[in-house]
Amino acid sequence: MGMKKPEDVILFKNNKRIDGRKPDELRPIKIEAGVLYRADGSAYVEWGGNKILAAVYGPREALPKHIQDPRKAIVNARYNMAAFSVEDRKRPGPDRRSIEISKVISEALERVILTEQFPRASIDVNIEVLDADAGTRCAGLTAAGVALADAGIPMRDIPVACAAGKVEGKVILDLCKEEDNYGDADMPVAIAPLTDEILLLQMDGHLTYEEFEKALDLAIKGCHIVSELQKKALLKKYERVLEVE
Amino acid sequence: MSSSVVPSIKKDFIYKLISEGKRIDGRAFDEYRSIKIETGLIRKAEGSAKVKIGNTQVLVGIKMDVGEPYPDSPDMGVLTTSAELIPLASPDFEAGPPGREAIELARVVDRGIRESEIIQLDKLCIEPGEKVWIMFIDIHVLDQDGNLFDASLLASLAALYTSTVPAERFELGENFKLPLSKDPPISCTSVKLNNAIVIDPVLDEEEIADARLTVATDKKGDIRAMQKGLSGSFTIEEVKKIIKASIINGKKLREVLNKSIRG
């Protein structure tokens with residue numbers, strides 16, 4: 001969004017997008033559960049050119065003590081980009097963008113986690129973007145959902161996210177880099193797929209009300225497809241465990 | 001590490017095993033864990049490599065930029081090495097600016113690469129005194145199960161040997177392979193536990209170790225760098241023993257590295 005489109009970039013033509021996808025088509029997605037040894041739960045997601053790792057620690061005693069909530073656990077998601085994950089090297093450490101993303105993801109996850117079961121505890125969710133290619137917060141939240149399930153954290157549902165947007169007046173699913181840079185709107189959405197409750201919703205750009213309805217519908221459809229992949233990844237891990245036993 | 005109850009029980013257990021000539025994961029004292037190196041994983045990076053030593057995983061990415069040289073070396077490229085011990089990798093790593101451990105790790109790796117002069121920094125000069133290539137080695141620890149030194153140096157080397165200088169992106173002619181000499185130093189770390197020397201420690205061993213020694217050797221088996229750590233001491237005999245074991249294991253590590261960067 002916001003960048004001026006060069007003359008020679010055609011984002012949408014003959015019902016096809018710049019990367020050849022149909023308007024309602026997702027990029028290739030690969031999800032793996034339980035990829036790290038030290039973490040209590042973990043997941044790896046490849047989504048288009050995104051490569052993202054998520055690790056969960058906890059529930060464990062929240063420290064320092066003054067952050068503890070006597071009624072429930074704190075959900076502390078930390079979204080971080082590796083220095084080498086973007087075109088121009090990113091200075092290590094949090095910036096305003098990653099702090100905001102960490103906050104909205106924490107809040108989305110908190111809604112599905114049964115935090116009241118773990119007073120004074122913290123559940124730490126670390127999301128590391130290793131290679132970035134548009135849609136990192138959706139891929140990161142999706143990875144976090146799998147990592148939480150892998151850690152055995154009790155949840156109402158496994159949260160999942162997917163973006164929809166608009167290019168050249170056409171509503172599309174799961175924006176790629178060019179569509180993100182030169183498109184008209186980007187709307188990341190996270191849901192609890194059992195109920196379609198909306199856990200995260202952001203938008204920048206320009207949508208009419210009709211376009212919004214269409215985009216939301218498309219994003220939720222995308223979430224449901226990704227949700228199936230999340231469940232498959234978790235089942236696969238436990239198939240592997242059964243074989244070992 | 002803190003003196004909590006659990007590590008002290010674990011310590012007794014590991015000490016007992018050591019006195020019986022055994023290690024917690026069943027290896028011999030001079031046996032290295034299995035190593036896996038993957039290169040070219042990160043599309044946005046100029047070069048990248050993920051090294052697995054047992055359960056330890058380190059990802060290194062190389063990024064390059066164009067900038068001004070240091071005034072005391074106007075015709076040389078600039079090399080910067082950083083390490084992040086991100087909370088993803090261990091329950092004991094905290095978010096925030098790099099602490100002492102991360103800085104020691106980055107500096108030991110930086111020295112290993114800089115002092116061995118494998119990077120031909122003079123070939124990374126664009127206009128003397130004005131414009132040179134700035135190179136960033138970023139060490140991202142993903143899973144901490146001990147011996148981050150060896151894993152980080154190995155991953156940095158594998159990433160360097162598969163790096164391309166992105167000249168086209170900066171409109172400076174064609175991309176070219178990063179100019180490197182062929183004989184990198186390979187490091188091998190050992191620790192002293194209950195008066196025994198074990199190579200390539202896992203985290204449980206590292207946490208209760210008395211002393212640590214990292215020895216980097218070259219292709220000929222000569223010593224190129226050393227770093228002793230922790231508050232315990234070594235006897236002269238122990239140091240000699242560690243160096244000999246590092247030369248032998250360095251050869252094996254070099255073979256794994258060469259295989260991974262040839263592909």
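## A walk through chains B and A

Start by selecting strand β11 (residues 211-217) of chain B: 6 bridges tie it to β12(B), and the two run antiparallel. Strands and helices here are DSSP runs numbered from the N terminus (E, at least two residues, for strands; H or I, at least four, for helices), and two strands pair if DSSP finds at least two bridges between them. You're looking at a predicted model, where local features need pLDDT of at least 70, side-chain atom pairs count only at pLDDT 80 or more, and totals for chains, interfaces and linings use all residues. Residues are numbered from 1 along each chain as its sequence is written, while chains are lettered from A and ligands numbered from 1 in the order in which they are written.

Now click Thr217(B); opposite it, in β12(B), stands Ile223(B).

Next, show the whole open sheet of 4 strands, ordered β10-β9-β11-β12 in chain B with antiparallel pairing. At its edges are β10 (196-199) and β12 (223-229) of chain B; each has a single partner strand, so one side of each is left without a neighbour in the sheet. Neighbouring strands are turned by 20° against each other on average, direction ignored.

Then bring in helix α3 (residues 148-161) of chain B, lying across β9 and β11 of chain B at about 175° to β9(B). For these angles, axes are lines fitted to C-alpha atoms (for helices, over the stretch in contact), and values run from 0 to 180 degrees between N-to-C directions. Contact means that the C-beta atoms of two residues, placed from the backbone, lie within 7 Å.

Slide along to Leu230(B), in the loop between β12 and α5 (236-262) of chain B. It isn't a glycine, yet its phi is positive, about 70°. Leu230(B) is partly exposed, with 13 other C-beta atoms within 10 Å. (Buried takes 20 or more such atoms, exposed 12 or fewer, and partly exposed is in between, with C-beta atoms placed from the backbone.)

Hop to chain A and pick Ala134(A), in the loop between β7 (121-131) and α2 (136-150) of chain A. Its phi is positive too, near 70°, but Ala134(A) is buried, with 23 other C-beta atoms within 10 Å.

Last stop: Gly58(A) and Pro59(A), joined by a cis peptide bond with omega about 0°. Pro59(A) lies in strand β5 (residues 50-61) of chain A.
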